[in-house]
Amino acid sequence: MAVAATASAQSLSDLRKKRQKTADEIKYTNQLLEETSKHAKSSLNRLALLNKQIRLRAQLIGEINGEIAYLDSSISDNAFVVKGLTSDLKNIRANYAQMIRYARRNADANSKLLFLLSAEDFNQAYKRFLYLRQYADYRKKQVEAIVAVKDILDAKLADLEKRRKEKEVMLEQKRNESQQMRTQKVQQNQYYASLQKKQRDLKKKLEQQREVEQRLQKEIERIIAEEAKKSAAKNKKGFSLTPAEKELSADFGKNKGRFPWPVDRGLITEEFGEHPHPVLKRVMVRNNGIDITTSAGEKARTIFRGTVSRVVAIPGGNMAVIIRHGNYLTVYSNLSDVFVRVGQKVETKQEIGKIYTDPGDNKTVLKFQIWHENKKQNPEDWIVKK
């Protein structure tokens with residue numbers, strides 16, 4: 001019984017932790033939305049943050065539903081146990097009452113003495129004595145059983161009431177979250193309509209973004225070409241690696257899905273790969289990495305130890321740092337300031353630069369990529385899940 005209760009409590013605890021984590025992300029998204037300037041209400045970044053918050057709120061509602069389902073199951077189980085305990089208590093009390101009535105009818109001490117003295121021999125008298133003593137013990141145990149079952153029943157009734165109140169709280173929270181999500185969807189439509197009026201500006205920004213991506217890709221291709229030359233000289237394929245670099249590559253590969261984020265705290269507001277532009281119709285956006293929106297003043301940090309291979313200044317894209325980890329490369333771009341130099345050894349979580357904050361809408365976005373030689377990787381597969 002105690003083991004089952006512990007497992008159930010742990011299960012409910014896990015559900016609540018998950019819900020709290022999502023609620024914290026929503027709160028952080030609110031903070032980022034508040035940080036953006038008031039005159040930039042219809043910026044792409046605000047739309048991305050709002051889209052993210054709506055997805056998180058839908059996720060939170062799903063988690064609340066899961067918790068409500070758990071509480072429903074717990075309430076049903078408790079009600080079943082309460083029904084069984086009530087029936088048991090009723091039967092024990094009935095048996096005890098019958099025993100008391102019998103005892104009262106035979107309460108005369110002389111009758112007990114006569115019962116012993118009327119025995120045919122000493123053995124029979126002794127057995128009758130044991131019977132009377134066992135009967136007295138049985139009555140005592142019946143009293144103890146009544147007290148014990150009543151205590152368990154009272155505890156179950158209290159737990160049942162507690163679960164019902166918790167369910168009411170969760171239902172109220174679900175109603176509030178649903179209302180907030182409806183309000184945000186109205187804002188989402190307003191942002192979308194406002195941004196559609198700025199299609200010329202959006203196309204210009206998209207073109208600038210593509211130029212930045214191309215410049216970064218050229219730098220990565222240059223690194224790969226340099227390595228190809230070294231390998232050709234040694235009659236090898238792929239990156240030319242020293243034994244230490246081979247070990248570093250192997251360590252990097254083994255840690256897939258466990259790397260820290262390249263910022264202390266942030267939200268992914270644009271995913272890896274090709275996807276439709278959030279506003280421009282029939283326009284596809286290609287991202288070689290992910291965009292992480294964070295707070296103004298935040299620093300970019302390395303996800304693993306390695307060597308700085310390039311520090312690149314990109315017109316319209318600020319600065320980028322490319323770090324080599326054997327035959328893997330990590331790319332941190334949209335930096336306003338860089339703290340490292342080419343050839344420098346860096347460690348995991350070392351700060352390498354300050355992320356640029358756009359004065360136009362106060363957005364702070366780190367663009368982050370991972371490459372395995374000339375193959376683009378989805379960074380979300382490599383960093384820890386939040």
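## Close-up views of a predicted protein model

**Figure 1. Helices α1 (2-35) and α2 (44-105) and strand β4 (290-294) each supply at least two residues of the lining of the largest cavity.** The model shown here and in the other views is predicted. Eleven residues line this cavity. Those nearest its centre are Leu-32, Thr-294, Asn-362, Lys-363 and Thr-364. By class, the lining has six polar, three nonpolar and two charged residues. The space inside the largest cavity is about 40 Å³. The count of cavities of 30 Å³ or more comes to one. Rolling a probe the size of a water molecule over the atoms shows where empty space is left.

**Figure 2. Phe-259 and Phe-304 form an edge-to-face aromatic pair.** The ring centres lie 5.4 Å apart, with 75° between the planes. An angle over 60 degrees counts as edge-to-face. Phe-259 sits in the loop between α6 (243-254) and β1 (267-270), and Phe-304 in the loop between β5 (299-301) and β6 (306-314), so the pair ties together parts that are 45 residues apart in sequence. Phe-259 counts as buried because its relative accessibility is 1%, under the cut-off of 20%. Phe-304, with a relative accessible area of 7%, is buried too.

**Figure 3. Tyr-332 and Phe-368 form a tilted aromatic pair.** Here the distance is 5.2 Å centre to centre, and the angle between the planes is 45°. Tyr-332 belongs to strand β8 (residues 328-338) and Phe-368 to strand β11 (residues 364-372). The two residues are 36 residues apart, and their pair links distant parts of the chain. Tyr-332 is buried, with a relative accessible area of 0%. Phe-368 is also buried, at 0% relative accessibility.

**Figure 4. Five aromatic residues, Phe-252, Phe-259, Phe-304, Tyr-328 and Trp-382, form one cluster.** The structure holds eight aromatic pairs.

**Figure 5. The protein chain has six helices and twelve strands.** This last view places the close-ups in the whole chain. Of its 386 residues, 39% count as buried. Among contacts in the chain with a separation of 6 or more, 73% come from residues 24 or more positions apart. The chain exposes about 22,500 Å², and carbon and sulfur atoms supply 52% of this area.

Definitions and conventions: Residues are numbered from 1 along each chain as its sequence is written. This is a predicted model: local features need pLDDT of at least 70, side-chain atom pairs count only at pLDDT 80 or more; totals for chains, interfaces and linings use all residues. Side-chain values use heavy atoms; hydrogens and water are left out. Helices (H or I, at least four residues) and strands (E, at least two) are DSSP runs, numbered from the N terminus. Buried means under 20% relative accessible area, exposed over 50%, partly exposed in between (1.4 Å probe, protein chains only). Contact means heavy atoms within 4.5 Å. Accessible areas come from the Shrake-Rupley method with a 1.4 Å probe; for residues, only the protein chains shown count as cover. On a 1 Å grid over the protein atoms alone, a cavity is a set of points where a 1.4 Å probe fits but cannot get out, and a pocket is an open set with protein on both sides within 12 Å along at least five of seven lines; lining residues have an atom within 4 Å of a point. Grid points are joined across faces, edges and corners, and a volume is the space filled by probe spheres set on the points. Ala, Val, Leu, Ile, Met, Phe, Trp, Tyr, Cys and Pro count as nonpolar, Asp, Glu, Lys and Arg as charged, and the others, Gly among them, as polar. Rings of Phe, Tyr and Trp (its six-membered ring) pair if their centres lie within 6.5 Å; planes under 30 degrees apart count as stacked, over 60 as edge-to-face and the rest as tilted.
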